Amino acid sequence: MSTDKVENTNSSSMQSRHLLEPLSLAEIERAVDVLKKQSNKITPTTRFVSVTLHETPKEKILNPSNEIIGREADVVLFDNGTNSCYEARILLENEGQLISLEHIPNVQATMTVDEQVECEQAVLRSVQFQELIREHYGIDDVNRVMVDIWSSGYFGQEEERTRRLARPLCFVRADPTDNGYTHPIEGLRPVVDLNLMEVIRIEIYNHYPIPYVDCNYTSDRVTKLRNDIRPLDIVQPEGPSFQVNGYQVSWQKWSFVIGFTMRQGLVLHHLTYDNRSVLYRAALSEMVVPYGDPAEQQARKNAFDCGEYGLGCCTNSLELGCDCLGHIKYFDANMCTSRGELLVIKNAICLHEEDVGILWKHTDRRLNNPEVRRSRRLVISSIATIENYEYGFYWYLYQDASIQFEVKMTGILSLGAVPPEKKSMYGSLIAPQLFAPYHQHFFNMRLDLAIDGINNTAYMIDVEADPDDADYNQFHNAFHIKKIRLETEKQARNNLCLEKSRSWKFENSSVRNGIGEATGYKLHPGENAIPFSSSKAWWRRRASFVDYHVWVTPFDEKEMFGSGNYPNQSQSDTGLLHYTEQDRAIVDKDIVLWYTFGVTHIPRQEDFPVMPVVIAGFSLKPSGFFDINPSSDIPKAIKKTTKECCEN
């Protein structure tokens, strides 16, 4: 039988509500109400960009006392009427109190979901746009046009510095449910003032015919579906092995708190293994998707999906048996619309267990006694849709105390048009007159380390071959590791090096393992890339986090994002390059690891019309954290002998 179901597991042994749990709907409502009553900044043109938990100071979480700690909220406001951004802090206890309200000059806050919808409506009602699509492409029904909001970015123009702008891409459907992305309107690009919510001009480029390729992917439009797939059920007759209380989770010696923000989406707090701290906070800090086509219509495409769009606000409501499989526990995401109305994304986060093959095995041939343990992992995941692309964010916790993070990229390619019988040097021809520009995806992770405590030290480890002519190396096989202690932020900036099998280790010098060495965890990089755009590219001036794969900084609660607090239309970098120019000491300090990984996407025809998942990520694995394999205590599984299981 199938056991796909929603789990409402509780554990009386776990604490009551944790201080790091996300804001409740009541707390969000109170924060909005306080701002309406205790400030003069909430006007008909004001938008609530984000309402997020102000996280309790780390020292109070790690050193609990009898002190009553009040919950607080951080709010970002943007007034379209005055083109002004504000940050507020709200005490949420009792009736609530406004703690602070500060104007943040010369910035553009994240575009809200409401603005994305309103931007499309502004383009569709533009008389100029209606006339141009009719004149250039013979499109009479504007309701068949799809308008994807794209951030304006900053390319040195005065209007980009002074106005809140978007530069949407437009497509046309052949019918109401058609895959419109296969029909790009390449020659026209509206520019929208989001404060006025009107089209201020329409840029006209090369007039290429619209490709009318009929290629849909929804099940009701695929003419022939496979008929040889049999059901696959995940059965846990005794229920899952995890326990949940609110947003607190415990599983297989792991415990942690699930967080969620309107900007970052899924966050993990206070990860411990067997009551030993490993990570204090882990989340995606920023991402950017730069495109490599220099043509006017394509060259400005570079999306900072966290800071410009808000991953949390774009999170999907997950569906049982489709997005998630097995015995599921869902968590909702509480937020508000840009007008302060409460909004819930149901089932925004999925928690479940997976069998992932063999964890370890050995057969002593002399005793004929095979010992094998299967690996089980806990999955914490969410999926966000940013217009054409989907990004799945998956945290995996393993029984051997390893941590893995993966981004699963899918969705629909951002397509463009080329003239008949032509190709582009800067993209893959996917179908006649339809091409997918070459592009890259870069992700920056902020990992607030707490290896056996908050004071840690970072080391870069290179593997080096011994000299070929050394007397002791007569078999020419010797190699060793070179372990470099990273003293300051600037020294810590570095890249992967395949030739040296480079890795990074993070140790707590005050805690020793059984052989007298410092306990630690090691960063194991996965697939990665370097940016191909010049360092002079406008987008790179705002995204210094792509300059190096690894950065290490001392903890500062104000340094949360790889491209700074407000990357939308930012004119320069206020993120990692700015942070690390201070060149602060990082030895035996409360340190933060920032890891950047990327994918270079040269699209294939098989990525069309919808793209199979592309995966990238990294792992953190214990290295001297234990004296022996921590998963050696897993009991041996009962051998299956039923005919259905073991039939040849």
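Helix α3 spans residues 113–124 and contains 12 residues. In this predicted model, the distance from the first C-alpha of α3 to its last is 17 Å, close to the 16 Å expected at 1.5 Å a residue.

**Helix α3 and D114**

- The buried residues of α3 are E115, Q116, C119, A122, V123 and L124.
- D114 also belongs to helix α3. Its relative accessible area is 22%; because buried means under 20%, D114 is classed as partly exposed.
- Apart from neighbours within four places in sequence, D114 makes contact with R47, T337, S338 and R339.
- D114 and A616 are 502 residues apart along the chain, and their C-alpha atoms are separated by 31 Å.

**Nonpolar cores**

- In soluble globular proteins, nonpolar side chains tend to be buried together.
- The largest nonpolar core comprises 115 residues, and I380 and W395 have the most contacts inside it.
- Strand β15 (residues 276–290) supplies the largest share of this core, namely six residues.

**Sheet β7-β9-β10**

- Strands of a sheet pair through backbone hydrogen bonds, either parallel or antiparallel.
- Here, three strands are arranged as an open sheet in the order β7-β9-β10, with antiparallel pairing.
- Strand β9 (residues 188–193) runs antiparallel to β7 and is joined to β7 by two bridges. Within this pair, A166 stands opposite V192 in β9.
- Helix α4 (residues 127–137) packs on this sheet and touches β9 and β10. The direction of α4 makes about 25° with that of β10.

**Sheet β22-β24-β23**

- Another open sheet consists of three strands in the order β22-β24-β23, and the pairing is antiparallel.
- At its edges stand β22 (416–417) and β23 (427–431); each has a single partner strand, and therefore one side of each is without a neighbour in the sheet.
- Two bridges connect β22 with strand β24 (residues 434–437) in the antiparallel sense. In this pairing, G416 of the model stands opposite F435 in β24.

Conventions. Residues numbered from 1 in each chain as written. Predicted model: local features only at pLDDT ≥ 70, side-chain atom pairs only at ≥ 80, totals over all residues. Heavy atoms only, no water. Core = buried A, V, L, I, M, F, W, Y, C linked by side-chain atoms within 4.5 Å. Buried < 20%, exposed > 50% of the residue type's maximum accessible area, 1.4 Å probe, protein only. Helix = DSSP H or I, 4+ residues; strand = E, 2+ residues; numbered from the N terminus. Expected span 1.5 Å × (residues − 1). Contact = heavy atoms within 4.5 Å. Pairing = 2+ DSSP bridges. Axes fitted to C-alpha atoms, helices over the stretch in contact; angles between N-to-C directions.
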